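This briefing is meant for a reader new to the structure. It begins with terms and then goes through the model topic by topic.

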Amino acid sequence: MTNHWRDIKNADVIFIAGANPAEAHPVGFQWFMRAKLDPTKGTGKGGGAKIIHVDPRFSRTSAVADHYLRTRTGTDVALFGGLMSYVLNNNKFHDEYVKNYTNASVPRQ
C-alpha cells in the first residue's frame with residue numbers, strides 16, 4: 001500500500017489478502033469501517049463498501065468482511081493467477097491507464 005490510510009474511506013470495494021488489519025492495525029482499520037458503513041459507497045446502488053477478505057485463518061477482519069474466502073496455505077499464487085487470467089481474458093482493466101502509466105505496454109524481446 002503506497003497511499004495513506006485515509007484514502008481507504010473512499011473505496012467501493014476493499015480486497016484484503018493474507019493480512020489481518022483489524023488486529024494488526026486497529027487504528028488504521030477505522031478507515032475500512034468508515035467505508036463499509038458509508039451509504040454513499042459501494043458497488044451498484046451503494047450501501048457501503050464491500051470488504052473481501054482472503055486468508056487461511058478466520059480472524060476479526062474476516063468477521064466484518066462481506067465475503068470471506070478461506071484458502072489453503074500456499075495457494076495464493078494460484079488465486080492471484082486466476083484473478084489475473086479473469087481480468088485479462090474478460091478485458092476488465094483500464095486500458096488507457098495500463099498503456100500510459102505502466103510498463104505493460106512495452107514490447108517484450
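Contact here means heavy atoms within 4.5 Å. The model is predicted: local features need pLDDT of at least 70, side-chain atom pairs count only at pLDDT 80 or more, and totals for chains, interfaces and linings use all residues. Residues are numbered from 1 along each chain as its sequence is written, and side-chain values use heavy atoms, with hydrogens and water left out. Helices (H or I, at least four residues) and strands (E, at least two) are DSSP runs, numbered from the N terminus.

- Ser-59 sits in the loop between strand E2 (50–55) and helix H3 (60–64).
- At 7% relative accessibility, Ser-59 counts as buried (buried is under 20% relative accessible area, exposed over 50%, partly exposed in between, with a 1.4 Å probe and protein chains only).
- Leaving aside neighbours within four places in sequence, Ser-59 is in contact with Asn-20, Glu-23 and His-53.
- The side chains of Ser-59 and Asn-20 are joined by a polar contact of 3.3 Å (a pair of N or O atoms within 3.5 Å; within protein, one must be able to donate a hydrogen and the other to accept it, and residues adjacent in sequence count only if both atoms are side-chain atoms).
- His-53 belongs to strand E2 and is buried, because its relative accessible area is 0%.
- A polar atom of the His-53 side chain lies 2.7 Å from the backbone oxygen of Ala-19.
- Beyond its neighbours within four places in sequence, His-53 has contacts that include Ile-16, Ser-59, Thr-61 and Tyr-68.

- Helix H4 (residues 76–89) has 14 residues and reaches 20 Å from its first C-alpha to its last.
- That span is close to the 20 Å expected at 1.5 Å a residue (1.5 Å times one less than the number of residues).
- After H4 comes Asn-91, with a positive phi near 50°.
- Phe-15, Phe-80, Leu-83, Met-84 and Leu-88 make a nonpolar surface patch of about 500 Å².
- H4 gives the most to this patch, with four residues.
- An α-helix has 3.6 residues a turn, so residues three or four places apart point the same way.
- Phe-80, in helix H4, counts as partly exposed at 35% relative accessibility.

**Val-27**

- Val-27 is in the loop between helix H1 (21–24) and helix H2 (29–37).
- Val-27 counts as exposed, because its relative accessibility is 64%.
- Val-27 and Trp-5 are 22 residues apart in sequence and 9.5 Å apart in space, C-alpha to C-alpha.

Note on methods:
Patches are made of residues with over 30% relative accessible area and no salt bridge: like charges are joined within 9 Å, nonpolar side chains (Val, Leu, Ile, Met, Phe, Trp, Tyr) within 5 Å. Accessible areas come from the Shrake-Rupley method with a 1.4 Å probe; for residues, only the protein chains shown count as cover. A salt bridge is a side-chain nitrogen of Lys or Arg within 4 Å of a carboxyl oxygen of Asp or Glu.
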